[in-house]
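Let's take a friendly walk through this structure, one packing arrangement at a time. Have the 3D view open as you read.

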Amino acid sequence: MKKQIINILFLLGNILTISCQETPKNETVQKNKKEIQSIDTLTLKKSDTMLNIEEIKKHIELQKRIESDELEFDDPYEYTEKDLELALKVIHIGLLNNGFKDITDHDFKLKMQKIFNYERKYSDKCAYNWYYLNDNNYNYILYGFSTVLDGEVIKADNIKFSPFIDVGNYFFSKDYHFVTIIPYLKDLIQINPDNSYKIKLPQEIISRNKYLFTDDKSQFPWLITQDEFFMRSLVTDFGYTEDKKLLKWVIENTHLPFFYTYAKDDDLEELGKLLWTKDCNGEIRVHQNTLDLLKEMSTPDKNLYIMYVAEYLSNYLVSSAIKEEKLTIEQKAKIAAHLLYWGEQYKYDKHYDYNQMFMGHFWHIIDNGNYEKEFKKNNYYGLPKFKEWYEAAKKEENIFEGYEDYLNDEPQPLDYEFKARPIK
């Protein structure tokens, strides 16, 4: 009897084992298996990498009715939060498949501050740049949306608008820690009749995010040749100057030709984008990294960058050419102080024959007392030798005083290079 019981138990065990090894035939199970399979050999099986293929297909069809300059519809469709939510998840999976390594919320916030100067403390003053800034109900941060009428920013509650207008805005995913422009599903995923799919991201999404958020410097060569506008904007729009290789590339690719009398306003305007940034709260950041690199790239024989900074001070920052920047005297004084301080170092370097080109010229020709007032009020912006050097410049006789060639015109930086001599 005992032996018969053992045989029965053994037989039941085999039956159960065989039963458990059979492939499930339930259609729902099979469908779910297909939904997590990618032709791109997706191997991640975590719940946050599963896509709702039916919903994505539905929204791909809906997005075909989004109006553009070429297309108009009787029943147009507007891009929605749901479209963005689906797209962000698709992009996230695609990035992981392409070697993107997610970072922590803490590291993401640090990157946002360091690269894009994102600060929640800016509050409403930055509503036209960082939209939804203080709203935690959204899973993204939007940069760039602005509605402007006659030069004035229109408040969000005074006008009906959609943040999903395709005008080059940047969406930062707070959940997945990456950046993208407005993403259309048809550009991200190909779905086959059996609901298998292939995620194929535009290369700029892959390269931008690996470079920015995972410090993958191997993406740099592709980005500066195929995505120049975005890479330049990191420096000129966001004021990101910590990456020396990127900064040098931007400087070397800024149009700063030789000039013989005056530098052109357009060239000086582009130079200004390298030297300082006005944040959306009105704060001015002068880029010391840029000034340090300009010094490193300059010599007495190759002094084009030094001459351009002197030109910028003399013929752009304090002239009518900068009206479009809408800078106050307080903001201009801060920029002037840092550029004057940087340029005045060459006065005390025997290898350079500039003498009064910077502070001397500024005091004798430009400053009517308003700038000096701001310098003093701001304790010379913490620049160690500024007060000493500026006071010394004020006591010096104008080296162009009485020269008839300059009675009807102001001396220019190049004139100081030809006339001045180093301090002995």
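## Helix 10 against helix 12

Helix 10 passes helix 12 in a left-handed crossing. Please keep in mind that this is a predicted model. The two elements, helix 10 (residues 265–275) and helix 12, pack with their axes 10 Å apart and at an angle of about 110°. Because angles of 65 to 115 degrees count as roughly perpendicular, helix 10 is described as roughly perpendicular to helix 12.

Which residues make the contact? From helix 10 come Asp265, Asp267, Leu268, Glu269, Leu271, Gly272 and Leu275, while helix 12 supplies Tyr308, Val309, Glu311, Tyr312, Asn315 and Tyr316. Sorted by class, the contact of helix 10 with helix 12 holds 7 nonpolar, 2 polar and 4 charged residues. As a reminder for reading such lists, an α-helix has 3.6 residues a turn, so residues three or four places apart point the same way.

## Helix 9 against helix 11

A second pair to look at is helix 9 (residues 244–252) and helix 11 (residues 288–296), which pack at an angle of about 70° with their axes 11 Å apart. That angle makes helix 9 roughly perpendicular to helix 11. The crossing of helix 9 and helix 11 is right-handed.

On the helix 9 side, the contact is made by Lys244, Leu247, Lys248 and Ile251; on the helix 11 side, by Asn289, Thr290, Leu293, Leu294 and Glu296. The classes in the contact of helix 9 with helix 11 come to 4 nonpolar, 2 polar and 3 charged residues.

## Helix 14 and its neighbours

Now turn to helix 14 (residues 359–366), where Met359, Gly360, His361, Phe362 and Ile366 are buried. What do the buried residues of helix 14 pack against? Their partners are helix 12 (304–317), helix 13 (329–344), helix 15 (370–377), helix 16 (386–395) and helix 17 (413–419).

Serine 314 gives a residue-level view of this region, and its place is in helix 12. With 10% relative accessibility, serine 314 counts as buried. Leaving aside neighbours within four places in sequence, serine 314 is in contact with His361, Ile366 and Pro413. Both His361 and Ile366 are among the buried residues of helix 14. The C-alpha atoms of serine 314 and phenylalanine 358 are separated by 8.7 Å, although these residues are 44 residues apart along the chain.

Is glutamate 372 buried or exposed? This residue of helix 15 has 8% relative accessibility, so glutamate 372 counts as buried. Not counting residues up to four places away in sequence, glutamate 372 touches Trp363, Asp367, Tyr390, Glu391 and Lys394.

Glutamine 190 sits in strand 7 (residues 189–191). Its relative accessibility is 44%, so glutamine 190 counts as partly exposed. Apart from residues up to four places away in sequence, glutamine 190 touches Ser196, Tyr197 and Lys198. Glutamine 190 and lysine 57 are 133 residues apart along the chain, and their C-alpha atoms are separated by 9.6 Å.

At 9% relative accessibility, asparagine 195 counts as buried.

Most residues other than glycine have a negative phi. Asparagine 195 is not a glycine, yet has a positive phi of about 70°. Tyrosine 381 is another residue other than glycine with a positive value, its phi being near 55°.

Where does tyrosine 381 lie? Tyrosine 381 is found in the loop between helix 15 and helix 16. With a relative accessible area of 18%, tyrosine 381 is buried.

## The chain overall

Stepping back, the secondary structure of the protein chain comes to 17 helices and 10 strands. Buried residues make up 45% of the 424 residues in the protein chain. Among contacts with a separation of 6 or more, 65% are accounted for by residues 24 or more positions apart. The accessible surface of the protein chain comes to about 23900 Å², and 50% of that surface belongs to carbon and sulfur atoms.

Notes:
Residues numbered from 1 in each chain as written. Predicted model: local features only at pLDDT ≥ 70, side-chain atom pairs only at ≥ 80, totals over all residues. Heavy atoms only, no water. Buried < 20%, exposed > 50% of the residue type's maximum accessible area, 1.4 Å probe, protein only. Helix = DSSP H or I, 4+ residues; strand = E, 2+ residues; numbered from the N terminus. Contact = heavy atoms within 4.5 Å. Areas by Shrake-Rupley, 256 points an atom, 1.4 Å probe, with all protein chains shown as cover. Axes fitted to C-alpha atoms, helices over the stretch in contact; angles between N-to-C directions. Parallel < 35°, antiparallel > 145°, perpendicular 65-115°, else oblique. Left-handed = near helix turned anticlockwise from the far one by under 90°. Nonpolar A, V, L, I, M, F, W, Y, C, P; charged D, E, K, R; others polar.
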